[in-house]
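Subject: Structure handover

Hello,

Please find the structure below, followed by notes on what was found in it.

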Amino acid sequence: MTTPKKPVREKKVRPVTIHDIAEKKRAGERIVVLTAYDALFGRLVDEAGVDIILVGDSLGNVIAGHSSTLPVTLAQMIYHASAVRRGVERAMIVIDMPFLTYQVSVERGVLSCGHAMQRSCAGAVKLEGGSPQILETISACVRAGIPVMGHIGFTPQSVHTLGGARVQGRDPESAERLITEAKGIEESGAFAIVLELVPAKLAGEITRALSIPTIGIGAGVACDGQVLVLPDLLGLNDTFNAKFVKRYASMADDVRSAVSRWAEDVRNGAYPDDEHSF
Ligand code: KIV
(Lines give C-alpha, C1' and ligand atoms only; values in the text may rest on other atoms or scores of the structure.)
Protein backbone atom coordinates (compact mmCIF):
# COMPACT_ATOMS: atom_id res chain seq x y z
CA MET A 1 0.00 0.00 0.00
CA THR A 2 1.40 3.40 -0.90
CA THR A 3 1.02 6.24 1.58
CA PRO A 4 -0.64 9.26 0.04
CA LYS A 5 1.76 12.14 -0.56
CA LYS A 6 1.29 15.21 1.61
CA PRO A 7 -0.27 17.96 -0.49
CA VAL A 8 2.34 20.55 -1.41
CA ARG A 9 1.30 23.84 0.12
CA GLU A 10 2.19 26.99 -1.75
CA LYS A 11 4.23 29.31 0.44
CA LYS A 12 1.99 32.01 1.85
CA VAL A 13 2.95 35.51 0.80
CA ARG A 14 3.45 38.03 3.61
CA PRO A 15 1.28 41.07 2.94
CA VAL A 16 2.85 44.54 2.97
CA THR A 17 2.09 46.53 6.15
CA ILE A 18 2.40 50.15 7.18
CA HIS A 19 5.60 49.15 9.01
CA ASP A 20 7.16 47.98 5.72
CA ILE A 21 6.19 51.31 4.18
CA ALA A 22 7.80 53.26 7.05
CA GLU A 23 10.92 51.11 6.75
CA LYS A 24 11.20 51.91 3.04
CA LYS A 25 11.47 55.63 3.81
CA ARG A 26 14.10 54.95 6.48
CA ALA A 27 16.05 52.79 4.02
CA GLY A 28 15.71 55.35 1.20
CA GLU A 29 13.80 52.85 -0.98
CA ARG A 30 11.14 54.33 -3.25
CA ILE A 31 7.52 53.23 -2.70
CA VAL A 32 5.42 52.10 -5.66
CA VAL A 33 1.69 52.80 -5.51
CA LEU A 34 -0.85 52.21 -8.28
CA THR A 35 -4.63 52.31 -8.46
CA ALA A 36 -6.79 49.28 -9.29
CA TYR A 37 -10.54 48.85 -9.19
CA ASP A 38 -11.25 45.14 -9.67
CA ALA A 39 -9.92 41.66 -8.87
CA LEU A 40 -8.45 41.08 -12.36
CA PHE A 41 -6.23 44.16 -12.49
CA GLY A 42 -5.64 43.96 -8.72
CA ARG A 43 -4.04 40.54 -9.27
CA LEU A 44 -1.92 41.68 -12.24
CA VAL A 45 -0.71 44.79 -10.44
CA ASP A 46 0.06 42.71 -7.33
CA GLU A 47 1.95 40.14 -9.39
CA ALA A 48 4.00 42.99 -10.89
CA GLY A 49 5.16 43.75 -7.35
CA VAL A 50 3.72 47.14 -6.37
CA ASP A 51 3.79 47.98 -2.66
CA ILE A 52 0.38 49.62 -2.29
CA ILE A 53 -2.77 49.35 -4.39
CA LEU A 54 -4.99 52.38 -4.01
CA VAL A 55 -8.65 51.76 -4.75
CA GLY A 56 -9.05 55.40 -5.68
CA ASP A 57 -12.30 57.28 -6.03
CA SER A 58 -10.79 58.16 -9.43
CA LEU A 59 -12.95 55.17 -10.40
CA GLY A 60 -15.73 57.76 -10.62
CA ASN A 61 -13.90 59.21 -13.65
CA VAL A 62 -12.17 56.23 -15.24
CA ILE A 63 -14.67 53.45 -14.57
CA ALA A 64 -18.05 55.16 -14.11
CA GLY A 65 -17.47 57.94 -16.66
CA HIS A 66 -18.32 60.88 -14.36
CA SER A 67 -16.56 64.20 -14.82
CA SER A 68 -15.44 64.27 -11.18
CA THR A 69 -15.07 61.98 -8.16
CA LEU A 70 -17.96 63.62 -6.32
CA PRO A 71 -20.76 61.19 -7.32
CA VAL A 72 -18.88 58.15 -5.93
CA THR A 73 -20.57 56.53 -2.91
CA LEU A 74 -19.19 54.54 0.00
CA ALA A 75 -21.08 51.43 -1.16
CA GLN A 76 -19.40 51.69 -4.57
CA MET A 77 -15.96 52.10 -2.99
CA ILE A 78 -16.57 49.03 -0.80
CA TYR A 79 -17.73 47.00 -3.81
CA HIS A 80 -14.56 47.82 -5.79
CA ALA A 81 -12.15 47.49 -2.83
CA SER A 82 -13.61 44.07 -1.93
CA ALA A 83 -13.09 42.93 -5.53
CA VAL A 84 -9.47 44.13 -5.47
CA ARG A 85 -8.97 42.44 -2.10
CA ARG A 86 -10.01 39.09 -3.61
CA GLY A 87 -7.38 39.39 -6.34
CA VAL A 88 -4.47 40.55 -4.22
CA GLU A 89 -2.13 38.57 -1.97
CA ARG A 90 0.83 40.83 -1.20
CA ALA A 91 0.25 44.53 -1.79
CA MET A 92 -1.29 46.67 0.89
CA ILE A 93 -4.75 47.88 -0.13
CA VAL A 94 -5.83 51.44 0.64
CA ILE A 95 -9.47 52.41 0.15
CA ASP A 96 -10.19 56.02 -0.78
CA MET A 97 -12.95 57.56 1.31
CA PRO A 98 -15.47 59.27 -0.97
CA PHE A 99 -16.92 62.78 -0.79
CA LEU A 100 -19.01 63.61 2.28
CA THR A 101 -18.27 60.41 4.17
CA TYR A 102 -15.70 62.07 6.49
CA GLN A 103 -15.97 65.86 6.04
CA VAL A 104 -19.12 66.45 8.09
CA SER A 105 -17.96 65.44 11.57
CA VAL A 106 -15.14 63.54 13.24
CA GLU A 107 -17.52 60.91 14.61
CA ARG A 108 -19.12 60.29 11.23
CA GLY A 109 -15.66 60.16 9.65
CA VAL A 110 -14.41 57.45 12.01
CA LEU A 111 -17.59 55.41 11.54
CA SER A 112 -17.38 55.68 7.73
CA CYS A 113 -13.69 54.72 7.71
CA GLY A 114 -14.27 51.81 10.09
CA HIS A 115 -17.21 50.61 8.00
CA ALA A 116 -15.13 50.80 4.81
CA MET A 117 -12.31 48.77 6.39
CA GLN A 118 -14.70 46.23 7.89
CA ARG A 119 -16.64 45.64 4.67
CA SER A 120 -13.76 45.72 2.18
CA CYS A 121 -10.94 44.21 4.29
CA ALA A 122 -8.64 46.99 3.02
CA GLY A 123 -5.56 47.70 5.13
CA ALA A 124 -5.96 51.48 5.33
CA VAL A 125 -8.08 54.44 4.26
CA LYS A 126 -7.16 57.64 2.43
CA LEU A 127 -8.60 61.04 3.35
CA GLU A 128 -8.20 64.28 1.40
CA GLY A 129 -7.37 67.61 3.01
CA GLY A 130 -5.48 69.16 5.88
CA SER A 131 -8.07 71.29 7.70
CA PRO A 132 -8.20 71.12 11.53
CA GLN A 133 -11.27 68.86 11.30
CA ILE A 134 -9.54 66.43 8.93
CA LEU A 135 -6.52 66.33 11.26
CA GLU A 136 -8.83 65.48 14.18
CA THR A 137 -10.50 62.78 12.11
CA ILE A 138 -7.11 61.28 11.20
CA SER A 139 -6.13 61.20 14.92
CA ALA A 140 -9.46 59.64 15.91
CA CYS A 141 -9.17 56.99 13.17
CA VAL A 142 -5.61 56.12 14.20
CA ARG A 143 -6.74 55.83 17.84
CA ALA A 144 -9.48 53.45 16.66
CA GLY A 145 -6.89 51.29 14.86
CA ILE A 146 -7.47 52.55 11.33
CA PRO A 147 -4.28 53.35 9.38
CA VAL A 148 -4.68 56.58 7.39
CA MET A 149 -2.99 57.92 4.28
CA GLY A 150 -3.36 61.70 3.88
CA HIS A 151 -3.73 63.60 0.60
CA ILE A 152 -2.98 67.28 -0.01
CA GLY A 153 -2.17 69.60 -2.89
CA PHE A 154 -4.85 69.24 -5.53
CA THR A 155 -7.59 67.28 -3.78
CA PRO A 156 -10.10 66.17 -6.43
CA GLN A 157 -13.10 66.18 -4.04
CA SER A 158 -12.56 69.97 -3.70
CA VAL A 159 -12.30 70.51 -7.48
CA HIS A 160 -15.08 73.11 -7.43
CA THR A 161 -13.57 75.08 -4.54
CA LEU A 162 -10.10 74.94 -6.09
CA GLY A 163 -11.42 76.03 -9.50
CA GLY A 164 -10.19 73.00 -11.45
CA ALA A 165 -7.29 70.54 -11.48
CA ARG A 166 -4.55 73.12 -10.85
CA VAL A 167 -1.06 72.90 -9.41
CA GLN A 168 -1.22 73.98 -5.75
CA GLY A 169 1.43 75.77 -3.67
CA ARG A 170 2.89 77.93 -6.40
CA ASP A 171 2.93 81.12 -4.29
CA PRO A 172 4.77 81.45 -0.95
CA GLU A 173 1.57 81.66 1.09
CA SER A 174 -0.04 78.51 -0.31
CA ALA A 175 3.31 76.70 -0.23
CA GLU A 176 3.57 77.52 3.49
CA ARG A 177 0.01 76.29 3.98
CA LEU A 178 0.83 72.94 2.34
CA ILE A 179 3.93 72.51 4.55
CA THR A 180 1.82 73.21 7.65
CA GLU A 181 -0.89 70.79 6.50
CA ALA A 182 1.67 68.06 5.77
CA LYS A 183 3.23 68.42 9.22
CA GLY A 184 -0.23 68.39 10.81
CA ILE A 185 -1.11 65.18 8.97
CA GLU A 186 2.09 63.56 10.16
CA GLU A 187 1.47 64.70 13.76
CA SER A 188 -2.07 63.30 13.55
CA GLY A 189 -0.63 59.84 12.97
CA ALA A 190 -1.03 59.23 9.22
CA PHE A 191 1.42 56.64 7.86
CA ALA A 192 1.91 58.33 4.46
CA ILE A 193 0.72 61.31 2.48
CA VAL A 194 -0.14 61.82 -1.18
CA LEU A 195 1.07 65.07 -2.74
CA GLU A 196 -0.94 65.79 -5.88
CA LEU A 197 -0.06 68.53 -8.39
CA VAL A 198 2.58 70.22 -6.24
CA PRO A 199 5.71 71.91 -7.66
CA ALA A 200 8.63 69.47 -7.53
CA LYS A 201 10.79 71.76 -5.37
CA LEU A 202 8.07 72.21 -2.75
CA ALA A 203 7.30 68.47 -2.76
CA GLY A 204 11.00 67.85 -2.06
CA GLU A 205 10.91 70.33 0.81
CA ILE A 206 7.83 68.64 2.30
CA THR A 207 9.40 65.20 1.83
CA ARG A 208 12.55 66.22 3.70
CA ALA A 209 10.52 67.83 6.51
CA LEU A 210 8.50 64.67 7.23
CA SER A 211 9.43 61.33 8.69
CA ILE A 212 6.41 59.64 7.01
CA PRO A 213 6.69 58.93 3.27
CA THR A 214 5.29 61.26 0.62
CA ILE A 215 3.71 59.67 -2.46
CA GLY A 216 3.68 62.00 -5.44
CA ILE A 217 1.38 62.34 -8.41
CA GLY A 218 2.41 65.31 -10.52
CA ALA A 219 4.78 66.27 -7.68
CA GLY A 220 8.24 65.51 -9.08
CA VAL A 221 10.87 62.94 -8.34
CA ALA A 222 11.88 63.98 -4.82
CA CYS A 223 8.85 62.28 -3.22
CA ASP A 224 9.43 58.99 -1.38
CA GLY A 225 7.13 57.16 -3.79
CA GLN A 226 4.91 57.64 -6.83
CA VAL A 227 1.30 56.83 -7.62
CA LEU A 228 -0.50 56.78 -10.98
CA VAL A 229 -3.98 55.89 -12.11
CA LEU A 230 -3.67 52.45 -13.73
CA PRO A 231 -5.71 53.10 -16.92
CA ASP A 232 -3.55 56.21 -17.54
CA LEU A 233 -0.29 54.24 -17.18
CA LEU A 234 -1.62 51.48 -19.45
CA GLY A 235 -2.77 53.93 -22.13
CA LEU A 236 -6.32 52.58 -21.70
CA ASN A 237 -7.71 55.97 -20.77
CA ASP A 238 -6.42 57.59 -23.94
CA THR A 239 -8.66 60.65 -23.76
CA PHE A 240 -6.89 61.87 -20.59
CA ASN A 241 -3.69 63.79 -21.21
CA ALA A 242 -1.97 65.34 -18.22
CA LYS A 243 1.69 66.43 -18.11
CA PHE A 244 2.56 63.99 -15.31
CA VAL A 245 1.09 60.90 -17.02
CA LYS A 246 3.61 58.64 -18.73
CA ARG A 247 2.05 55.83 -20.76
CA TYR A 248 3.84 52.48 -20.55
CA ALA A 249 1.47 50.67 -22.96
CA SER A 250 -1.10 51.50 -25.65
CA MET A 251 -3.90 49.29 -24.45
CA ALA A 252 -6.72 51.41 -25.88
CA ASP A 253 -5.30 50.71 -29.36
CA ASP A 254 -4.88 47.00 -28.48
CA VAL A 255 -8.52 46.75 -27.31
CA ARG A 256 -9.90 48.47 -30.41
CA SER A 257 -7.75 46.33 -32.69
CA ALA A 258 -8.57 43.00 -30.95
CA VAL A 259 -12.30 43.72 -30.88
CA SER A 260 -12.45 44.80 -34.51
CA ARG A 261 -10.45 41.72 -35.64
CA TRP A 262 -12.81 39.43 -33.68
CA ALA A 263 -15.88 41.24 -35.07
CA GLU A 264 -14.51 40.78 -38.58
CA ASP A 265 -14.00 37.03 -37.92
CA VAL A 266 -17.55 36.73 -36.57
CA ARG A 267 -18.98 38.51 -39.59
CA ASN A 268 -17.09 36.43 -42.12
CA GLY A 269 -17.59 33.09 -40.30
CA ALA A 270 -13.90 32.59 -39.41
CA TYR A 271 -14.78 32.43 -35.70
CA PRO A 272 -15.34 29.93 -34.16
CA ASP A 273 -13.25 27.51 -36.24
CA ASP A 274 -12.77 23.79 -35.44
CA GLU A 275 -10.06 24.57 -32.88
CA HIS A 276 -12.53 26.63 -30.84
CA SER A 277 -15.55 24.33 -31.19
CA PHE A 278 -16.57 21.07 -29.43
O1 KIV B 1 -8.48 58.55 -6.53
C2 KIV B 1 -7.29 58.38 -6.84
O3 KIV B 1 -6.95 57.58 -7.72
C4 KIV B 1 -6.30 59.18 -6.15
C5 KIV B 1 -4.91 59.19 -6.71
C6 KIV B 1 -4.87 59.99 -7.93
C7 KIV B 1 -3.92 59.64 -5.69
O8 KIV B 1 -6.61 59.81 -5.18
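The side chains of Glu-29 and Lys-24 form a salt bridge, with N and O 2.9 Å apart; the term stands for a side-chain nitrogen of Lys or Arg within 4 Å of a carboxyl oxygen of Asp or Glu. This is a predicted model, in which local features need pLDDT of at least 70 and side-chain atom pairs count only at pLDDT 80 or more, while totals for chains, interfaces and linings use all residues. Residues are numbered from 1 along each chain as its sequence is written, and side-chain values use heavy atoms, with hydrogens and water left out.

Salt bridges

Of the two partners above, Lys-24 is buried at 16% relative accessible area, and Glu-29 is partly exposed at 43%. Here buried means under 20% relative accessible area, exposed over 50%, and partly exposed in between, with a 1.4 Å probe and protein chains only. Lys-24 and Glu-29 also belong to a network of salt bridges that includes Asp-51 and Arg-90. The structure holds ten salt bridges.

Another one joins the side chains of Asp-96 and Lys-126, at 2.8 Å from N to O. This pair links distant parts of the chain, 30 residues apart: Asp-96 is in strand E3 (residues 92-96) and Lys-126 in strand E4 (residues 124-126). Strands (E, at least two residues) and helices (H or I, at least four) are DSSP runs, numbered from the N terminus. Both partners are buried, Asp-96 with a relative accessible area of 2% and Lys-126 with 1%.

Arg-256 is partly exposed at 47% relative accessibility, as is Asp-253 at 45%.

Strand E7 and its neighbours

In strand E7 (residues 214-217), Thr-214 and Gly-216 point one way, Ile-215 and Ile-217 point the other way, and all are buried. Strand E6 (residues 192-196) runs parallel to E7 and is joined to it by four bridges; two strands pair if DSSP finds at least two bridges between them. Leu-195 has Gly-216 of E7 as its bridge partner. From E6 the chain passes through helix H9 (residues 200-209) to E7 in a right-handed β-α-β crossover, meaning that, with the strands pointing away from the viewer, the path from the first strand over the helix to the second runs clockwise.

E7 is also joined by two bridges to strand E8 (residues 225-228), and these two run parallel. The bridge partner of Ile-215 in E8 is Gly-225.

Regards
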